[in-house]
Amino acid sequence: MLYPNQMQNEYLTYGEIIRKSTAFLLNKGVSTAKCDSEWIVSHLVKTSRIELYLNFDDLVPQEKISEIRNRIVQRGRRIPLQHILESVQFCDLRLKCDRRALIPRPETERLVEIIIDSVGKAFNGKILDLGSGTGAIVLALCKQLKEAKGLGVDKSSEAISLSRENLCLLNLSGRVSFQKFDWMQEEYKQEKFDLLISNPPYLSLEEWKTAEPEVCKHDPKDALVSAEGGLAHLRKLLDLSKSALKKDCQIFLEVGMGQAEIVMEMMKDVFYDIEVRKDFCGIRRYVFARIY
């Protein structure tokens with residue numbers, strides 16, 4: 001498709017550039033082509049997506065055309081939008097986002113909502129986030145739970161560096177910290193927490209191989225894939241929770257498709273009040289309980 005090269009020397013309105021960008025991305029298999037085009041254009045001209053349509057017939061500044069073209073071409077190569085924009089919106093927070101950690105998903109925003117509804121805004125305990133990645137979950141929780149404190153742990157030094165950058169951006173250094181810790185390999189010797197949360201790796205290798213290019217080529221494989229058909233990390237963290245979680249306190253997990261019932265069975269001897277919630281697609285995605 002010739003659009004990106006043609007666009008360099010054209011005078012284009014906002015409407016035209018969005019239409020051409022959308023057509024190009026659709027041809028490359030990007031299902032969110034129109035939305036992604038709007039985000040890229042609005043990001044580069046520093047305006048809102050709504051204002052793009054209020055100025056639909058105005059010309060795009062000529063000096064921005066090449067930048068927009070380059071970003072659209074990147075998206076056509078299936079580089080994730082969040083990596084192109086270098087940020088992601090998560091629970092009303094803008095977080096830095098790049099290849100160092102898994103891109104936070106809308107499903108995980110729902111997990112944060114479920115946790116806050118369950119513990120209440122007055123929660124003042126300590127939160128442990130296993131496999132914290134960008135830091136999205138524990139940062140979003142501590143931003144809304146004003147008396148809570150949090151610790152995020154991850155085996156990846158790169159993920160820890162990214163989460164600490166997000167920590168500084170959100171001015172939560174007094175209540176949240178991040179540490180390198182491989183909870184699949186190392187013995188847990190830290191304090192007990194009032195709340196344990198995790199969105200662990202839960203894809204099987206086969207599921208990862210068939211995922212969209214944005215996932216299997218750009219998200220860290222170790223943040224997605226788990227042995228035992230996707231269950232190894234879930235099994236380990238349930239065992240670790242016996243050392244990390246205070247009596248009668250809660251655990252909240254995001255799990256893969258078809259895993260909720262298996263995880264509930266794993267939990268039954270150590271946890272009570274086990275519940276499951278569905279995500280926006282009707283998948284039984286979230287499992288939470290209290291430890292005996």
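Helices (H or I, at least four residues) and strands (E, at least two) are DSSP runs, numbered from the N terminus. Counted that way, the protein chain holds 14 helices and nine strands. This is a predicted model, where local features need pLDDT of at least 70 and side-chain atom pairs count only at pLDDT 80 or more, while totals for chains, interfaces and linings use all residues. Residues are numbered from 1 along each chain as its sequence is written, and side-chain values use heavy atoms, with hydrogens and water left out.

**Overall shape and surface**

- The radius of gyration, taken over C-alpha atoms, can be set against a globule rule of 2.2 Å times the number of residues to the power 0.38. For 292 residues a compact globule would come out near 19 Å, and the 21 Å of the protein chain agrees with that.
- Along its principal axes, the C-alpha trace of the protein chain spans about 65 × 40 × 35 Å.
- Of the 292 residues in the protein chain, 51% are buried; here buried means under 20% relative accessible area, exposed over 50%, and partly exposed in between (1.4 Å probe, protein chains only).
- The protein chain has an accessible surface of about 14100 Å², and carbon and sulfur atoms contribute 49% of this. Such areas come from the Shrake-Rupley method with a 1.4 Å probe, and for residues only the protein chains shown count as cover.

**Contacts and charges**

- Contact means heavy atoms within 4.5 Å. Among contacts in the protein chain with a separation of 6 or more, 65% are between residues 24 or more positions apart.
- The 43 positive and 42 negative charges of the protein chain have mean positions 2 Å apart. Lys and Arg count as positive and Asp and Glu as negative, leaving out His and the chain ends; each charge is placed at NZ of Lys, CZ of Arg, CG of Asp or CD of Glu.

**Aromatic pairs**

- Rings of Phe, Tyr and Trp (its six-membered ring) pair if their centres lie within 6.5 Å; planes under 30 degrees apart count as stacked, over 60 as edge-to-face and the rest as tilted. This rule gives four aromatic pairs.
- One of them is the stacked pair of Phe-252 and Phe-288, at 5.1 Å centre to centre with 15° between the planes. Because Phe-252 sits in strand β7 (residues 245-254) and Phe-288 in strand β9 (residues 284-291), the pair ties together parts that are 36 residues apart in sequence.
- Both partners are buried: Phe-252 has a relative accessible area of 0%, and Phe-288 has 4%.

**Positive phi in two loops**

- Lys-46 is not a glycine, yet its phi is positive, at about 60°. This residue lies in the loop between α3 and α4 (49-54) and counts as exposed at 71% relative accessibility.
- Asn-171 also has a positive phi, near 55°. You will find Asn-171 in the loop between α9 (157-170) and β5 (176-180), where it is exposed at 69% relative accessibility.

**Two residues to look up**

- Ser-42 belongs to helix α3 (residues 33-45) and is buried, with a relative accessible area of 4%. Not counting residues up to four places away in sequence, Ser-42 touches Thr-47, Ser-48, Arg-49 and Leu-52.
- Asp-98 is placed in the loop between β2 (93-96) and α7 (106-119). Leaving aside neighbours within four places in sequence, Asp-98 contacts His-83 and Leu-162.
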